[in-house]
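Dear colleague,

Please find below the structure that I am handing over to you, together with its sequence. My notes on what was found in it follow directly after.

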Amino acid sequence: MLAALLGRTMLPVFKKALPTIGATERAALESGTVGFEGRIFEGKIDFSALAAIAPARPQAHEQAFLDEQVPALCRMLDDFEIDQAGDLPAEVWDYLRQHGFFGMIIPRAYGGLEFSHTVHAQVVTRIASVNIPAAVTVMVPNSLGPAELLLRYGTQAQKDHYLPRLASGQELPCFALTSPYAGSDAASMTDVGVLVEREWNGVMTRGFALTFKKRYITLAPVATVVGISFNAIDPALPADRQDLGITCALIPVPHPGLVIGARHRPMDSAFMNGPVEASDMFIPLDWVIGGADNIGKGWSMLMQCLAAGRAISLPALGSALQQSSLYVANGYAGLRNQFGLPIQRFHNIAALLAEMAVDLYASDSARRLTASILDQGEQPSVASAILKYHVTEAGRRAINHGMDILGGKAICAGPSNLLSGAYRNTPIAITVEGANILTRALIIFGQGAIRCHPFVLSEIEAVERQDGAALGRALLGHGAHLARNAWRSIVKAPLVGKPPRALEREARTIASLAAKFAFASDMCMGVLGGKLKRMELISSRLGDVLSHLYMASACLWRYAQHENEEMAVIARAAARRQIWLASSALHALFDNLHNPLLRVAAKVALGGLRPLHALRDHDKLEIAALLRQAPVIALLCPEVEAPARGGMRDLRDLLLLAQEIGEQESERLAKAIRQRRPFEEIAAESSAPQALAFLVALDKVIQVDSFAQTA
């Protein structure tokens, strides 16, 4: 009775206050599932439930692929030569096809590898640590595109025809979504397909006359089958019903009227990317993915695929940037001697290395956690967006730090360069599959607040149905939820479950911040209503709090799975940094709210929240000292591979020699190499039999490339 009365009373108010949700936005909201991030919106994190999420373990055939085929491929990749040629070598293309790299997500029943999400991500990360264009080439057929759409929505005939050919590499796919006037706002595409009947293979056939202009389409210049999205229109229907909605279809290459083959050069990178165009080009109805029944369902199909895909490919690139940057910068800094010391010992450089390590531990923890959740059958769309934004941004920070540490070595192009190719490719990961600016502002909290909140979606749906009783029940639940989190914010949030003992203090702070975040979110949504959707700076900060709490929790999850005393210091520092970032975002949120009611809420939400410090100097120096231990770097950078030649191979060989000689002797030799004496003479004074080889290898790494001028 109370619920019905409350609902009828509040229905007109909520109808004005709540944002309207269009069909495309609803498809995005309904895509995927709610994972662990939903517990943060509840303000109640169960650390035992978190620890119970089992990390995915590679099966025997997956491990064999990681141990054999992936390193073999990486040995074939010469970053400088690929960059100069503007394409992968023919033998690399052949190897990718021969060993099924394009069919990692395709079931074995269709000839694919059927890898887990975790192993799929590891493959992409390892390749990207050596050469990003090769990783992108492998990534795209296994990401959003024809294979995944066919697996989920294709007719059996489409699956039987295309999937074996895609798995073997006989067909190379691309998917054309972006157009000049519909980039991040892809749902507003102006590309159209008009339902017509034309002669096809000698028979009058129903189909679509397509007119489209797509750009930024990866693999388009070499694709043999194009996935396409367009707005379907039926002119035979009344004017208000002619728009049938976004539709996806497959087009074989070549096809009459299809213009394809031209090339873009994003950051002058070597991976294939280009435009796809057509004007009044006919395709039969049975080329629609899923057939005629799926006309108008394309946007929902794409959003469902992105819900999982955002968590794999681009975060894998971001992680590769982080791992390779730390591996290179730390290794180089440990053996580059200036002013009589390895530059790793200078505090400004040590601090950067520590920050890189701590960032890597946190972002990779979140990446591993989310991949494990995906492998359990979930599709956490909000967590995927968190990863896409934060891991690629962490990759950008890491490569910038690495470039700073290497100095002149980093900016001279040539075969011995260690970072410049990755540095130039970094903005690509930031930009695609939802530009990071948009992802942070609109998706993480904008979608998360509705999708993950325990009551908001129910309230919106009740208002849309004009169901007062359902609205009343949701409001009563929401009120109790708000009161609980207000109490937890003022007094003390309980510690639910059992976190790792070494990180219990961090777990208590995470629990407290989660309650404060949940309370702050409710107050902002309740007071600002639909206006919050347009207040992107506010929603971005709320998204930041959510993201950093997710990543802090992931640090505890990872440490609980692999408790290792060597990593306890780094795990604690990583969790504390994410906690500090979440706390800072919450303070910044209320610093920028001027509504009197929200100012009162700020005092509640921030009450008892002592200013948390970021990593102190002594913490950074302690972590930097740990990074001088090879086992610690191996745990942080397990997916860094090496080519057969080039700068990364030279550095890998040098670090192996340094490990054999020992830290003290390798540092002494690195200092002695500056004495302008013959290497043989310096080596003769060393007790290490590898001294001469070490000196030669060190000199090779220190040098940069030069080229004769051409007339």
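**Notes on the structure**

Leaving aside its neighbours within four places in sequence, Ala573 is in contact with Val358, Leu615 and Ile623, where contact means heavy atoms within 4.5 Å. Ala573 has its place in helix α23, residues 565-591. Helices (H or I, at least four residues) and strands (E, at least two) are DSSP runs, numbered from the N terminus. Ala573 is buried, because its relative accessible area is 7% and buried means under 20%, exposed over 50%, and partly exposed in between (1.4 Å probe, protein chains only). Ala573 and Asn273 are 300 residues apart along the chain, and their C-alpha atoms are separated by 40 Å.

Two remarks on the origin of these values are needed. This is a predicted model, in which local features need pLDDT of at least 70 and side-chain atom pairs count only at pLDDT 80 or more, whereas totals for chains, interfaces and linings use all residues. Residues are numbered from 1 along each chain as its sequence is written, and side-chain values use heavy atoms, with hydrogens and water left out.

**The chain as a whole**

The protein chain has 30 helices and nine strands. Along its principal axes, the C-alpha trace spans about 90 × 75 × 50 Å. The radius of gyration of the protein chain is 27 Å, which agrees with the value near 27 Å that a compact globule of 711 residues would have. This radius is taken over C-alpha atoms, and the globule rule is 2.2 Å times the number of residues to the power 0.38.

Of the 711 residues, 58% count as buried. Among contacts between residues at least 6 apart in sequence, 77% join residues at least 24 apart. The protein chain exposes about 28,600 Å², of which carbon and sulfur atoms supply 54%; accessible areas come from the Shrake-Rupley method with a 1.4 Å probe, and for residues only the protein chains shown count as cover.

**The nonpolar cores**

In soluble globular proteins, nonpolar side chains tend to be buried together. A nonpolar core is a set of buried Ala, Val, Leu, Ile, Met, Phe, Trp, Tyr and Cys residues joined through side-chain atoms within 4.5 Å. The largest such core here has 201 residues, of which Phe101, Val123, Leu326 and Leu636 touch the most other members. Apart from this core lies another, of 27 residues, among them Leu163, Ala187, Met189 and Met301.

Which residues does Leu636 contact, leaving aside its neighbours within four places in sequence? They are Gln323, Leu326, Ala357, Leu360, Tyr361, Met567, Ile570 and Leu627.

**Helix α17**

Helix α17 covers residues 420-431, and its buried residues are Gly421, Ala422, Asn425, Thr426, Ile428, Ala429 and Ile430. What covers these buried residues includes α6 (79-85), α9 (132-139), α13 (313-335), α15 (381-406) and α18 (436-451). After α17 comes Glu433, whose phi is positive, near 55°.

Is His120 buried or exposed? At 3% relative accessibility, His120 counts as buried. His120 lies in helix α8, residues 117-128. Beyond its neighbours within four places in sequence, His120 is in contact with Met104, Ile105, Phe115, Asn142, Ile312 and Ser313.

Arg649, in helix α27 (residues 647-661), is partly exposed, with a relative accessible area of 21%. Again leaving aside neighbours within four places in sequence, Arg649 is in contact with Ala642, Pro643 and Ala644. The C-alpha atoms of Arg649 and His120 are separated by 24 Å, and the two residues are 529 apart along the chain.

**Backbone details**

Most residues other than glycine have a negative phi, and most peptide bonds are trans. The following places may be read with that in mind.

- A cis peptide bond joins Val253 and Pro254, with omega about 0°; Pro254 is in the loop between β5 (243-252) and β6 (259-260).
- Glu114 has a positive phi, near 55°. Glu114 lies in the loop between α7 (90-98) and α8, and is partly exposed, with a relative accessible area of 39%.
- Asn201 also has a positive phi, near 55°. Asn201 is in the loop between β2 (192-200) and β3 (203-218), and is exposed, with a relative accessible area of 69%.

Yours sincerely
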